Amino acid sequence: MDVRASRVRVEALRGDHVESSHDVYVAAIDAPHDAAWATTLDTLPRTNMRSTGKPFQLLPLVARGDAERLGLGAADLALLCSSHHGTSEHAMRVERVLERLGRRAEDLLCGLHRPYFLDACTPTDPAHTRTYGPLHHNCSGNHAALLALACAYGDDVARYLDPGGRAPRAIQALLESLAGEAADVLEDNCGAPCYDLPLGTIARLYGFLARPARVRALGEERRARVQAQFPLDACEDALQRVAVALAQAPEWASSETSAATLLARGMPAGLVVKHGGEGMLCVAHMESGAALALKVADGSGRAAIPALVFLMRRFGWLEPRTVAALEAHREMQLFGHRGHAIGRLRAVAPA
C-alpha cells in the first residue's frame with residue numbers, strides 16, 4: 001500500500017475575518033489522484049494514534065471468537081472501540097457487556113471525567129448536576145474490551161492494563177504485524193496503551209479496515225507473524241466485523257449527533273470515521289479501499305472534521321445534501337457564550 005501525503009489548512013473565521021489557523025497533515029492510501037497530493041512524504045510526522053488505535057485493540061477478542069461467544073453485535077463492537085459521549089445509553093450498553101463477563105463498573109480502570117454529551121446541553125439542564133461514574137467515561141467501552149480480553153487470556157483482571165499481561169502483548173503483536181514496524185507504546189489519559197507510529201503507517205493500518213483482504217497480500221515475514229497469532233481468515237474476518245460495526249453503528253462509536261456519525265450514515269457502502277486525542281482522525285472508505293490518517297499539527301481537535309470534509313468533497317465522496325448538512329453542523333461552527341454562531345471553520349489548500 002503506497003502512501004501519499006498532503007496538508008490542509010483550517011481557518012477559524014469570526015465573521016469574514018480569519019482569526020487563527022491550524023495545519024493538518026494527511027497520509028492517504030488509494031485516495032483519488034489530484035493536486036491535493038503535493039506534499040512530500042518526509043514532511044509527515046510520527047505521531048500517537050491515541051483512540052484511533054482502539055479498533056485494532058479489539059481485533060484479538062474478535063479473532064479468538066470471544067466476541068461471538070459473548071453474543072456481541074455490531075453496536076456492541078462499535079462501542080468497544082469507541083470514544084463515546086457518555087450518554088446513559090452508552091453507559092447502559094457498556095454495563096450489559098460487563099454483566100456478560102461477570103464484572104461491574106468498579107472493575108474499569110479508566111477513571112472519571114465530565115461526559116462529553118453535556119457540551120450540547122443548555123446551562124440549566126439538570127444533567128449538569130448528576131453524578132457520573134466510569135461507565136460514562138468516553139473510553140469505558142474500550143476498557144470493557146481490554147478487560148474481556150484479559151479474562152480470555154487468563155490475566156489478572158485487576159491488572160488488565162499491565163503491559164506485561166498476555167492480552168496487551170497480543171494486541172501489540174498483532175498491531176505491529178499489520179503495521180510492519182514496531183510501535184512506541186505510551187499511556188493514554190485513561191491509562192490504556194496507545195501507539196506512536198509514522199502517520200503513513202497509521203494510514204496503512206486503516207487500509208486493512210477499508211480492505212480486510214489485504215492481510216492476504218502481506219509479505220511472507222509479516223504474514224507469518226500474523227499467522228503465529230491467528231489464522232489469516234480469522235484476522236480478515238475480525239477486521240471485516242470491526243469495520244462493518246463502526247460503519248453501521250457509528251452512533252455507538254461517538255454519538256448520535258456527531259459529524260462522524262453523519263458522515264458514516266451518508267456512506268451506505270461503508271465508511272469508518274474514528275477520532276483520537278490531540279487532533280487525530282482516521283478514515284477507512286470501504287467502497288474504494290482508500291484510507292486516510294489526519295493529524296492536526298497543534299493538536300486542536302476542532303480542525304480535524306473540517307479538514308476531512310474538505311478532502312472528501314475533493315474526492316467526490318460526498319453528495320450535495322450531505323455537504324449542506326455538514327456545513328451547518330455544530331462541529332463546523334464557532335459559538336459565543338450565548339449559544340449563537342459567531343463564526344465558522346473553513347478548510348483550504350495551504351499556499
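Mentor: We begin with an open sheet of three strands, ordered E3-E5-E4 with antiparallel pairing. Helices (H or I, at least four residues) and strands (E, at least two) are DSSP runs, numbered from the N terminus, and two strands pair if DSSP finds at least two bridges between them. This is a predicted model, in which local features need pLDDT of at least 70 and side-chain atom pairs count only at pLDDT 80 or more, while totals for chains, interfaces and linings use all residues. Residues are numbered from 1 along each chain as its sequence is written, and side-chain values use heavy atoms, with hydrogens and water left out.

Trainee: Which strands stand at the edges of this sheet?

Mentor: Strands E3 (46-48) and E4 (184-187) do; each has a single partner strand, so one side of each is left without a neighbour in the sheet.

Trainee: How are strands held to one another in general?

Mentor: Strands of a sheet pair through backbone hydrogen bonds, either parallel or antiparallel. Here, E4 and strand E5 (residues 193-198) run antiparallel and are joined by four bridges. Within that pairing, Val185 has Tyr195 in E5 as its bridge partner.

Trainee: Which strands pair with E8?

Mentor: Strand E2 (residues 17-29) pairs with E8 in the antiparallel sense over six bridges, and Ala27 has Ala293 of E8 as its bridge partner. Strand E7 (residues 280-285) is also antiparallel to E8, again with six bridges; there, Val283 is partnered by Leu292. Four residues lie between the strands in the hairpin of E7 and E8, where Gly289 takes a positive phi near 85 degrees.

Trainee: How are the side chains of a strand to be read?

Mentor: In a regular strand the side chains alternate between the two faces of the sheet. In E8, Ala290, Leu292, Leu294 and Val296 point one way and Ala291, Ala293 and Lys295 the other, and all are buried. Buried means under 20% relative accessible area, exposed over 50%, and partly exposed in between (1.4 Å probe, protein chains only).

Trainee: What span does helix H5 reach?

Mentor: The expected span of a helix is 1.5 Å times one less than its number of residues. H5 (residues 140-153) has 14 residues and reaches 20 Å from its first C-alpha to its last, close to the 20 Å expected. Gly154, with a positive phi near 75 degrees, follows H5.

Trainee: How many residues of H5 are buried?

Mentor: Of its 14 residues, 12 are buried, including His143, Leu147 and Tyr153.
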